[in-house]
Amino acid sequence: MAEVDPAFIQAQEHRPKPGIIKAEGIPFIDLSVISSPNTNSNDPRVLDSLVEEIGNACKSWGFFQVINHGVPLAKRQNIEKASREFFGQPVEEKNKVRRNKEKVLGYLDTEHTKNVRDWKEVFDFTVQDPTIVPASYKPGDKELTKWFNQWPEYPPKLREICEEYAKEMEKVAFKLMELIALSLGLPENRFLEFFEEQTSVIRLNHYPSCPISHLALGVGRHKDDTALTILAQDDVGGLEVRRKTDGEWLRVKPLPNAYIINVGDIVQVWSNDIYESVEHRAMVNSARERFSIPYFLSPAHYTNVQPLKELINEQKPAKYKPFNWGKFSVTRKRSDFQKLDVDNIQIYHFKIPESELAEKLDGALSISK
Ligand SMILES: O=C(O)CCC(=O)C(=O)O
Ligand SMILES: [Fe+2]
């Protein structure tokens, strides 16, 4: 065995545990009511019960799997096959579309999560090409720039296949955001305006088989900084979700043609913590390589992310200060290419301290006396 770069080694407390409990727990939700409009669509109770299921899943798990989602299986199989073909090439070929400071999309095999290297290689592309974002992370700098996708020569149809898949993901993502809005008592279309110009990214993940799978992770523990993530995982399995009730890591069992959905940090802020973005990670495997494809739904760069006004009041004041999504995401990207001394930017940096909230609440209560 070639010597393994110590950058991959997780601290003792973050290493995968054998005999992990399978997450039979994360809810399964059948979307046939909305994906096949002829089924019971005239009965409002059917939609109500779906909305309730989604709301409960978001609240108690932050994660759920969907079936009968309406994404044609062939589109998923196409992108899965193309992903295998792309990653199957020698690294010199993949490096032709390598990411760097200027070209932030494309191929990368050196991503770190919480300063530990992930045992994976990725290929990123944006759903909107080009995607408009701030040119710099500096707050005063108003200049904008464009991110362009980089497409490899091989496999030749990768671009077309990825773009078709992206359209399907967008449809499900918007449907899910409508259901999430309803579950929060908001109008169905409440979130859609944020995505007119989106900064969403699709990532092809390849986790090669790993000789030190007991020491390393495919992706270290993290929360997604998205509104919503839709993940296709293959039949190998490896995704683990942190159960909210006791902090235990639970394996999400692969289910053919299902998608795993999780609410991200942006929904956490929009909902003022009614729904929380939940930590997850991906195991690697000494026997088999694994592939997964997340779609990260994210709003336009000019969105000021803050708790929705309908969900706050004197008794439930906003728990976050507004922040600009473009600046936030550009600040995060910056850490891909240089190790920062400080922790990467996170939504909790915008959290209003409990003491300040208590003062506001006191004030509110004394006014109503
Ligand atoms: O591959 C997986 O199962 C999870 C990937 C993930 O969480 C991510 O890329 O953000
Ligand atoms: Fe993730």
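Biologist: Thanks! Where does S271 lie?
Modeller: This is a predicted model, and in it S271 lies in the loop between α6 (265-270) and β15.

Biologist: Is S271 buried or exposed?
Modeller: S271 has a relative accessible area of 0%, so S271 counts as buried, the cut-off being under 20%.

Biologist: And which residues does S271 touch, leaving out those up to four places away in sequence?
Modeller: Those are L184 and L311. As for Q306, which is 35 residues from S271 along the chain, the two C-alpha atoms are separated by 8.7 Å.

Biologist: Nice. Switching to the ligand: which residues are around ligand 1?
Modeller: The list runs N205, Y207, H222, D224, L231, L239, H280, A282, R290, S292, P294 and F296. By type, the shell divides into six nonpolar, four polar and two charged residues.

Biologist: What is the distance from an oxygen atom of ligand 1 to an N or O atom in the side chain of R290?
Modeller: That distance is 2.8 Å. For D224, a polar side-chain atom lies 3.4 Å from an oxygen atom of the ligand, and a side-chain N or O atom of N205 is also 3.4 Å from a ligand oxygen.

Biologist: How much of ligand 1 does the protein bury?
Modeller: The protein buries 95% of the 290 Å² that ligand 1 exposes when taken alone.

Biologist: Which elements give two or more residues to that shell?
Modeller: They are β9 (201-207), β15 (280-282) and β16 (290-297). The largest share, four residues, comes from β16.

Methods
Residues numbered from 1 in each chain as written. Chains lettered and ligands numbered in written order. Predicted model: local features only at pLDDT ≥ 70, side-chain atom pairs only at ≥ 80, totals over all residues. Heavy atoms only, no water. Near = heavy atom within 4 Å. Polar contact = N/O pair within 3.5 Å; in protein donor to acceptor, adjacent residues only side chain to side chain. Areas by Shrake-Rupley, 256 points an atom, 1.4 Å probe, with all protein chains shown as cover. Nonpolar A, V, L, I, M, F, W, Y, C, P; charged D, E, K, R; others polar. Buried < 20%, exposed > 50% of the residue type's maximum accessible area, 1.4 Å probe, protein only. Contact = heavy atoms within 4.5 Å.
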